[in-house]
Amino acid sequence: MDALEDEVVKILLIGDAMVGKTSFIDRYVNDDFTDKYKCTIGCDFTSKTVLRPGSWRSYLKLQFWDIAGQERFPLLTRAYYRYVRGCIVMFDITKPDSFQSARKWKSSLDNNTRTDSGHTVPCLLVANKADLPDHAVTYKEVDDLCQECMFSQWTMTSVKDGTMVQETVGYLLDVILKRS
Ligand code: GDP
Ligand code: MG
């Protein structure tokens, strides 16, 4: 028997209310989509154990932290950010306000995780609700924000139909594991 504990990887999902953060976690962890708004208060996390990429016997315990109900308070307490290994800043591609907020969420992450040597946590910018018709933000605008705010990369998802959800987490894991 392998006595090693699975390595815990804490991943934080942040972004404005209603962009799809909780749905994203449900989709990734349970492969499920429920079309109602769950207004949970506080912060909770959901775990999923996956094989470490490239390994057949070592596992990662992914811990997705959801800031449910705390979106109105742009300054999360440091406890949310403690031991974070990776982050997703999500916005709704049909809601320009939520896109503008991504900058604020990213700088909050950076301010709370920057190490003495200046390193910040790997973070993806995720444009959700790709399935909806009225995209209000152009790819060029997303590219520019991605560069300006030093996101690792950006992806476009539809949590509703599952597009790019697995791949987004896989990509984030790649960046995280390259760091460590
Ligand atoms: P949160 O506040 O960021 O956690 O957002 P929720 O996960 O609660 O989602 C808010 C609303 O958006 C819910 O009604 C979801 O069903 C809906 N939603 C989430 N992702 C998508 C998506 O990819 N496409 C569409 N059309 N609706 C979505
Ligand atoms: Mg939520």
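1. First, some housekeeping. Residues are numbered from 1 along each chain as its sequence is written, while chains are lettered from A and ligands numbered from 1 in the order in which they are written. As this is a predicted model, local features need pLDDT of at least 70 and side-chain atom pairs count only at pLDDT 80 or more, whereas totals for chains, interfaces and linings use all residues; side-chain values use heavy atoms, with hydrogens and water left out.

2. Next, look at the oxygen atoms of ligand 1. One lies 2.5 Å from a polar side-chain atom of Ser 23, and a polar backbone atom of Met 18 is 2.7 Å from an oxygen atom of the ligand. The side chain of Lys 129 places an N or O atom 3.1 Å from a ligand oxygen. Taken alone, ligand 1 exposes 580 Å², and the protein buries 92% of that (accessible areas by the Shrake-Rupley method with a 1.4 Å probe).

3. Helices here are DSSP runs (H or I, at least four residues), numbered from the N terminus.

4. The same helix α1 also packs against α5 (residues 165–179), at an angle of about 90° with axes 9 Å apart, so α1 is roughly perpendicular to α5 (65 to 115 degrees). Axes are lines fitted to C-alpha atoms over the stretch in contact, and angles run from 0 to 180 degrees between N-to-C directions. Phe 24, Arg 27 and Tyr 28 of α1 meet Val 165, Gln 166, Thr 168 and Val 169 of α5, with contact meaning heavy atoms within 4.5 Å.

5. Finally, the axes of α3 (residues 96–113) and α4 (residues 139–148) come within 10 Å and cross at roughly 10°, which means α3 is roughly parallel to α4 (under 35 degrees).

Terms used. Polar contact = N/O pair within 3.5 Å; in protein donor to acceptor, adjacent residues only side chain to side chain. Helix = DSSP H or I, 4+ residues; strand = E, 2+ residues; numbered from the N terminus. Parallel < 35°, antiparallel > 145°, perpendicular 65-115°, else oblique.
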